[in-house]
Amino acid sequence: MEIVRKAVEAWNQRDADLWLTYAAREIEWMPAGPAAVERAVFRGYAEVASGFGSVWQTWEEFRFEESQARDLGDSVLWLGRVR
């Protein structure tokens, strides 16, 4: 749970380098909703950081706000909204 919350906070601080320290090298990010400002799939650290940058340039504010988080053992369920 701590890692998920730290990653959300890194996003909210617009710190892609910090956010990526919580991600696997083989990361694939498929933005949805208002985050989908460019290509459909970003692969690897460099592409994902570039995709994040596009989102942050497009939106003056794009923050995640947690409403609930649950530790499910091997995974975490994070519920919230985008502001």
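These legends accompany several close-up views of a predicted model. Residue numbers start from 1 along each chain as its sequence is written, and side-chain values rest on heavy atoms, with hydrogens and water left out. Because the model is predicted, local features need pLDDT of at least 70 and side-chain atom pairs count only at pLDDT 80 or more, while totals for chains, interfaces and linings use all residues.

View 1. Helices here are DSSP runs of H or I with at least four residues, strands are runs of E with at least two, and both are numbered from the N terminus. Asparagine 12 has a relative accessible area of 11%, so it counts as buried. Beyond residues up to four places away in sequence, asparagine 12 touches Phe62, Arg63 and Phe64, where contact means heavy atoms within 4.5 Å.

View 2. Arginine 14 follows helix 1 and sits in the loop between helix 1 and helix 2. Have a look at its backbone: phi is near 60°, a positive value in a residue other than glycine. The relative accessible area of arginine 14 is 32%, which means that this residue is partly exposed.

**View 3. Tryptophan 56 and its contacts.** Tryptophan 56 belongs to helix 3 (residues 44-58) and counts as buried because its relative accessibility is 11%. Leaving aside neighbours within four places in sequence, tryptophan 56 contacts Trp11, Arg14, Asp15 and Ala16. The C-alpha atoms of tryptophan 56 and tryptophan 11 are 9.7 Å apart, although 45 residues separate the two along the chain.

**View 4. Aromatic rings in pairs.** Rings of Phe, Tyr and Trp (its six-membered ring) pair if their centres lie within 6.5 Å; planes under 30 degrees apart are stacked, those over 60 edge-to-face and the rest tilted. By this rule there are 11 aromatic pairs. One to look for is the edge-to-face pair of tryptophan 11 and phenylalanine 62, at 5.6 Å centre to centre and 65° between the planes. This pair links distant parts of the chain, 51 residues apart: tryptophan 11 lies in helix 1, and phenylalanine 62 in the loop between helix 3 and strand 3. Both residues of the pair, tryptophan 11 and phenylalanine 62, are buried. Ring pairs also link Trp11, Trp19, Trp29, Phe42, Phe52, Trp56, Phe62, Phe64 and Trp78 into a cluster.

View 5. Strand 3 (residues 64-71) and strand 4 (residues 76-82) run antiparallel and are joined by 7 bridges; strands pair if DSSP finds at least two bridges between them. Within this pairing, arginine 70 has leucine 77 of strand 4 as its bridge partner. The two strands form a hairpin with 4 residues between them, and glycine 73 in the turn has a positive phi of about 90°.

Key. Buried means under 20% relative accessible area, exposed over 50%, partly exposed in between (1.4 Å probe, protein chains only).
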